[in-house]
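This briefing goes through a single chain, topic by topic, for a reader who has the sequence and the coordinates at hand.

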Amino acid sequence: MNKRIFLYGAVFAILALIVFTFAINWYLNKNVSYNNLFSKKTLIVYYSHSKHTEYIAKMIKQHLNCDIENIKSEEYENIDAIKLNNLVTEQMQKDYIPKTNKIDISNYDVIFIGSPVWKGNISLPVKSFLINNNFNEKTIIPFYTFGGYVDKSKLDNQIKELSHNDNVLPSFLTVYYKFAFIEYRLVKWLNKL
């Protein structure tokens, strides 16, 4: 009996040490190291139907202190997830491009582009934004939110094709219901760019 209690205590102590080490490491390394990329004029552009992508966009803004713009499309506002799913299914079959608000990107060198994943693809409002803007001589940094598994390279290729720009840096993908340690992962990604 005493061996079992000792063993549980030892396991608990090791786990506590791991958590403590992780917390200290996070505390000491939670800032983004501002490399040459972020000394350029930077804009975050995102579309968010359920506020998950917006959450990530605002977290990036908090760390980079740059401008931020929300892509808006009236036809997707105030509809629930089931109606949205049905509408998007129909629109994607027709290769539909929705109307969105205009966002001027001409004064920016680096553009973060955030999108929820719809049917394994970037969202239609983000698709519209990419088609309707000129990304020559811009650096694009995509980020995505999704409720399951998706191939990031497929999404990144869609960004490259629609923007006609090969200067797309490694993207960030988070499953929206797994926000545990999200800021840690986000800062780690930003520091690798």
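## Loop residues with positive phi

Asp95 is found in the loop between H3 and S3. The model is a predicted one, and in it the phi angle of Asp95 is near 55 degrees, a positive value in a residue other than glycine. Most residues other than glycine have a negative phi.

- Asp95 has a relative accessible area of 52% and is therefore classed as exposed, the cut-off for that class being over 50%.
- His164, in the loop between H5 and strand S6 (172-175), likewise has a phi near 55 degrees, which is positive although the residue is not glycine.
- With a relative accessibility of 67%, His164 also counts as exposed.

## The chain as a whole

- The chain contains six helices and six strands, and from the N terminus on these elements follow the order α-β-α-β-α-β-β-α-β-α-β-α.
- Of the 193 residues in the chain, 40% count as buried, while the accessible surface amounts to about 11,600 Å², with 55% of that area belonging to carbon and sulfur atoms.

- Helix H4 is largely enclosed by the rest of the structure, because seven of its eight residues are buried.
- Within helix H4, Ser128 is buried, since its relative accessible area is 1%, under the cut-off of 20%.
- The side chain of Ser128 reaches the backbone oxygen of Pro98 at 2.9 Å, and Pro98 is also one of the residues that Ser128 contacts once neighbours within four places in sequence are left aside, together with Ile97 and Thr100.

## The packing of H4 with H5

- Helix H4 (residues 124-131) packs with helix H5 (residues 152-163) at an angle of about 35 degrees, and the two axes are 8 Å apart.
- The crossing of H4 and H5 is right-handed.
- On the H4 side the contact is made by Lys127, Leu130 and Ile131, which meet Ile159, Leu162 and Ser163 of H5; by class, the residues of this contact are four nonpolar, one polar and one charged.

## Ser115 in strand S3

- Ser115 belongs to strand S3 and is buried, with a relative accessible area of 1%.
- A polar atom of the Ser115 side chain lies 2.9 Å from the backbone nitrogen of Ser123.

## Partly exposed residues with side-chain polar contacts

- Thr89 lies in helix H3 and is partly exposed, its relative accessible area being 27%.
- The side chain of Thr89 is joined to that of Lys119 by a polar contact of 2.9 Å.
- Thr89 and Trp118 are 29 residues apart in sequence, and their C-alpha atoms are 8.9 Å apart in space.
- Asp151 is placed in the loop between strand S5 (139-146) and H5, and at 37% relative accessibility Asp151 counts as partly exposed.
- The side chains of Asp151 and Ser153 are joined by a polar contact of 2.6 Å.
- Along the chain Asp151 and Asn121 are 30 residues apart, and 9.2 Å separates their C-alpha atoms.

Definitions and conventions. Residues numbered from 1 in each chain as written. Predicted model: local features only at pLDDT ≥ 70, side-chain atom pairs only at ≥ 80, totals over all residues. Heavy atoms only, no water. Axes fitted to C-alpha atoms, helices over the stretch in contact; angles between N-to-C directions. Helix = DSSP H or I, 4+ residues; strand = E, 2+ residues; numbered from the N terminus. Left-handed = near helix turned anticlockwise from the far one by under 90°. Contact = heavy atoms within 4.5 Å. Nonpolar A, V, L, I, M, F, W, Y, C, P; charged D, E, K, R; others polar. Buried < 20%, exposed > 50% of the residue type's maximum accessible area, 1.4 Å probe, protein only. Polar contact = N/O pair within 3.5 Å; in protein donor to acceptor, adjacent residues only side chain to side chain. Areas by Shrake-Rupley, 256 points an atom, 1.4 Å probe, with all protein chains shown as cover.
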